[in-house]
Amino acid sequence: MAKNKNVIYIAISLVVFIVLAFLYSTPVFTGKQLFQHDIVQYRGGAKELLDYRADTGKETYWSDSMFGGMPTYQMGSQFKGDVIKKIDSYLNFLPRPVNYLFLLFAGFFFLGMVAVRNWKYALLGATFFGLSTYFYIIIAAGHNGKVNTIEYFAPLLAGIVLVYIRKSYIWGFIVTTLFMGLQIAANHPQMTYYLFIALGFLFLSELIRAIQKKIPMKHFLISSGIIAAACVIGVGMNSQRIMANSEYVKETVRGKQILNNESHTSGKSGMDKESMLMWSYGQLETLNLFIPRLMGGGSQEPEAKEIMNRVQELVQENVSSQAEMDRISKGFSGVTYWGDQPGTSGPAYQGAIVCFLAVLGFFFGWKKYRYWVLGASILTILLAWGSNFMPLSDFFIDFVPFYNKFRAPSSILVVVELLFPLIAIIGLYRFFTDEKLTEEYKKKVLLYVSGGTLGLLLILLLFGKSLLGFATANEKTYFPPFLLDFLVDERYKLFKIDAIKAFIYVAITAAALFFALKQKLSQNVALIIIGAVSLFDLWTVNKRYLNDDNYVDKIFAENPFQTESSDLLAEKVAGNPNLESILANVQVNKTLETIAEKDKTHYRIFNNILGTFSETNTSYFKSSIGGYHAVKLRRYDDVINEYFQVMDSVKVPNILNLLNAKYWVAGGPEQPQAVPNPRANGNAWLVSDLQFVNTPNEEIKAIGVINSKKTAVIAASDKAYFNNKPVQADSTAYINLTRYQPNELEFKSQSKTPQLAVFSEIYYPHGWKMFVDEKEVPYIKADYLLRAVHVPAGTHNIRMVFEPEVIEKGKWISLLCFGLFIVLSALGIFWMNKNKKKEQQHTEPA
């Protein structure tokens with residue numbers, strides 16, 4: 001009976017999560033969709049991939065849409081036999097973002113049930129975790145892969161806890177394997193990496209407990225073996241994805257450096273430290289886990305517009321010289337945010353109540369949880385400081401494997417956002433149910449922690465201006481007193497409101513716990529009060545960053561690259577800042593569409609209006625010189641840094657010719673101009689003049705000054721390629737593109753002498769095969785980033801095709817691992833049921 005009752009409560013909890021998710025996302029009822037910046041960029045960059053899939057029913061793993069061409073592994077490519085990804089899509093069956101919110105709630109509820117075995121505390125913890133502000137900020141931005149990965153944090157941890165702490169080996173294996181597979185399928189390795197830093201503390205905690213003989217060493221070894229096997233199989237189910245990305249990442253900005261200069265060392269792996277640590281949390285800024293606007297919240301809070309209007313009025317009233325205007329402009333960054341990061345969409349707010357209860361949890365929680373949770377939380381907070389705590393950051397960058405592959409250390413706070421709700425509900429559960437904790441101990445801890453927390457808030461409220469400053473060093477340097485004083489006052493007001501709220505929320509929570517301790521309130525009433533206040537707190541803060549303004553009509557969400565302006569479009573856009581870019585870019589989009597319709601041959605466009613390397617409008621209509629992607633190929637990124645940071649009027653056109661930029665889009669957003677580039681090299685060309693260079697630095701410098709139509713720059717290491725392969729000039733020689741698909745190109749060449757064919761196609765050493773008259777031949781890199789092949793005299797058909805072997809190999813490994821998971825799970829359940837029957841048979845005679 002009790003078991004059936006528990007099932008009913010669990011079912012009700014799941015319904016509550018669906019209701020909460022829909023209530024937060026009410027615009028989905030009217031058919032509106034989220035308008036997410038990164039998804040808009042994805043739609044542009046992935047257009048060629050999506051069109052190819054729709055037209056052929058097949059998948060291309062290479063696309064020419066961005067950065068001259070790159071693999072599609074990080075652009076939404078699909079893999080045959082990818083069963084685990086299908087399971088992920090079934091779990092995300094609800095409309096976006098309802099699906100994300102529901103799975104965040106439900107995943108933590110499962111963890112709560114495993115940790116405390118009580119649906120009330122699991123339900124409370126699910127709201128603590130599922131309403132973490134950071135998740136709503138990344139949903140608004142369109143970081144769907146990131147939030148999709150975080151969905152599976154809690155259930156994966158639940159599976160590991162089932163094995164280590166609950167000693168449920170079979171169910172623990174099944175849960176761990178399944179959610180490890182789903183975690184990897186969500187395809188955000190950085191988030192998974194950070195989670196495993198935390199899980200390392202759980203492993204160490206269990207090892208120490210085994211050494212101290214608090215648990216049998218045999219259990220620890222068996223558990224560790226089961227978890228290791230589960231993780232390996234879970235990873236194995238994603239073999240295609242992992243093998244392809246592992247091959248790809250070596251050639252990207254996350255792989256080895258190629259050039260030697262001030263910020264790069266040849267052969268060194270990973271990004272440079274400045275790029276990695278750019279978004280580092282300030283040490284004091286960490287307190288915005290507890291007070292959202294401790295440092296102003298986000299760079300563009302809802303009040304920012306009003307504050308900025310007043311700033312402009314003050315400047316007009318008080319500034320009389322251009323020199324003073326220039327000085328003031330040097331100090332400006334974000335109006336509302338004044339922390340250590342270059343800018344931010346919002347704080348990693350965990351909730352005043354959650355943080356307060358987490359501190360209590362470190363006193364009340366079971367030792368088997370609290371020490372590893374505390375250790376993991378402290379380390380991840382210190383790592384989030386990044387450049388503000390260089391000894392630790394340097395150590396991890398230099399000595400901890402793969403850490404230097406990831407940027408924005410502030411995002412590691414997702415670990416705290418998982419662990420604080422966990423230790424909070426464990427502490428609450430013991431506070432209310434564990435008789436080993438004396439009333440005197442509970443009262444003492446509650447008094448000290450609540451007194452200390454409320455005292456800290458009072459100090460910040462009374463002395464906040466002197467302690468927090470409310471201005472950046474830049475602002476203090478460049479702003480005149482009238483402007484600085486105004487900004488400090490406005491920011492202090494924002495902080496004060498949130499700090500007072502935090503004081504009230506913590507006081508209510510402390511009072512509820514105190515009255516429950518004195519038996520003036522029942523446990524259930526106390527939990528309802530805590531849950532309701534916390535829900536109100538997090539809900540209202542989250543609505544600052546993800547609200548009804550983030551939803552737009554379906555037509556704009558699915559086609560944000562509008563090419564016709566109209567009164568209806570202007571009416572829809574009016575008042576919605578998320579849609580302003582659609583209206584602003586209409587003329588540019590129309591120009592791009594016109595180019596693509598008039599000239600259907602294969603070429604690239606250089607868009608110099610929208611920010612070449614931070615937009616995908618161009619890619620939506622035609623192949624682009626630029627694009628928007630965090631994992632660009634290293635060689636292409638080197639060329640961007642070498643030539644496009646400073647626009648040299650001779651060298652940049654040389655590079656654009658090399659990259660077959662047949663059209664440039666110049667001018668302004670209102671009156672864009674399509675400028676034909678008759679000097680573009682075309683899709684391929686034949687050369688007989690070879691310039692050998694000794695280093696990559698010499699190679700990249702040379703391509704900006706040579707006549708690339710006649711001369712190819714070749715690395716000295718490829719000199720052996722030309723043994724028995726002479727090249728000679730022929731003024732009548734030609735090579736033309738005869739067929740184009742993103743993953744297969746065909747050319748026809750004719751020459752009286754042997755030539756080197758250089759293709760305006762990006763060199764990538766994995767998966768591309770070159771055929772001359774259907775005979776596979778080796779090819780080399782030319783001009784630092786292009787492909788080239790030796791072509792004998794005569795008429796020849798040349799074909800290059802992208803057939804990465806890792807895809808086929810990975811498919812079979814993925815299917816094998818999934819099959820192994822099913823077989824082992826079935827055997828485990830069979831064995832478990834068999835043992836249950838044996839136990840029942842032994843019990844019945846007794």
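This briefing describes salt bridges, helix packing, a surface patch and backbone features of one structure. The model is predicted. A search of the whole structure finds 30 salt bridges, and three of these pairs are described below. Among the helices, α7 is mostly covered, while α4 and α10 cross at roughly 90 degrees.

**Salt bridges**

- Arginine 293 and glutamate 303 form a salt bridge in which the closest N and O atoms are 2.7 Å apart. Both residues of this pair lie in the loop between α14 (273-276) and α15 (304-318), 10 residues apart.
- Arginine 293 is buried because its relative accessible area of 4% falls under the 20% limit. Glutamate 303, at 27% relative accessibility, counts as partly exposed.
- A salt bridge also joins the side chains of lysine 632 and aspartate 637, with an N to O distance of 3.7 Å. Lysine 632 is buried, at a relative accessible area of 16%, and aspartate 637 is buried as well, at 13%.
- Glutamate 744 and arginine 799 meet through their side chains in a salt bridge of 3.0 Å, N to O. This pair links distant parts of the chain, with glutamate 744 in strand β12 (residues 744-751) and arginine 799 in strand β18 (residues 794-802), 55 residues apart.
- Glutamate 744 has a relative accessible area of 19% and is buried; arginine 799 is buried at 15%.
- Glu744 and Arg799 also belong to a network of salt bridges that includes Arg739, Glu746 and Glu774.

**Helix packing and burial**

- The axes of helix α4 (residues 83-91) and helix α10 (residues 169-185) come within 9 Å of each other and cross at roughly 90 degrees. The two helices therefore count as roughly perpendicular, because a crossing angle from 65 to 115 degrees falls in that class.
- On the α4 side, the contact is made by Ile84, Lys85, Ile87, Asp88 and Leu91. On the α10 side, it is made by Leu178, Gly181, Leu182 and Ala185.
- In an α-helix, residues three or four places apart point the same way, because there are 3.6 residues a turn.
- Helix α7 (residues 133-141) has nine of its nine residues buried.
- In helix α3 (residues 47-56), the buried residues are Lys47, Glu48, Leu49, Tyr52 and Arg53. These buried residues pack against α2 (37-45), β2 (62-63), α29 (617-621) and β11 (734-741).

- Valine 449 is found in helix α21 and is buried, with a relative accessible area of 10%.
- Beyond residues up to four places away in sequence, valine 449 touches Phe356, Val359, Leu360 and Phe363. The C-alpha atoms of valine 449 and valine 359 are 7.4 Å apart in space, although the two residues are 90 residues apart in sequence.
- Leucine 467 also lies in helix α21, which spans residues 439-468. Leucine 467 is partly exposed, at a relative accessible area of 48%.
- Leu467 contributes to a nonpolar patch on the surface together with Leu458, Ile459, Leu462 and Phe463. The accessible area of these residues together is about 500 Å².

**Backbone features**

- Lysine 213 is a residue other than glycine with a positive phi, near 65 degrees. Lysine 213 sits in the loop between α11 (189-211) and α12 (217-236) and counts as exposed at 74% relative accessibility.
- Aspartate 783, another residue other than glycine, has a positive phi near 55 degrees. Aspartate 783 lies in the loop between β16 (780-782) and β17 (786-791) and counts as buried at 0% relative accessibility.
- Arginine 96 and proline 97 are joined by a cis peptide bond, with omega about 5 degrees. Proline 97 is located in the loop between α4 and α5 (98-116).

Key:
Residues are numbered from 1 along each chain as its sequence is written. This is a predicted model: local features need pLDDT of at least 70, side-chain atom pairs count only at pLDDT 80 or more; totals for chains, interfaces and linings use all residues. Side-chain values use heavy atoms; hydrogens and water are left out. Patches are made of residues with over 30% relative accessible area and no salt bridge: like charges are joined within 9 Å, nonpolar side chains (Val, Leu, Ile, Met, Phe, Trp, Tyr) within 5 Å. Accessible areas come from the Shrake-Rupley method with a 1.4 Å probe; for residues, only the protein chains shown count as cover. A salt bridge is a side-chain nitrogen of Lys or Arg within 4 Å of a carboxyl oxygen of Asp or Glu. Helices (H or I, at least four residues) and strands (E, at least two) are DSSP runs, numbered from the N terminus. Buried means under 20% relative accessible area, exposed over 50%, partly exposed in between (1.4 Å probe, protein chains only). Axes are lines fitted to C-alpha atoms, for helices over the stretch in contact, and angles run from 0 to 180 degrees between N-to-C directions. Angles under 35 degrees count as roughly parallel, over 145 as roughly antiparallel, 65 to 115 as roughly perpendicular and the rest as oblique. Contact means heavy atoms within 4.5 Å.
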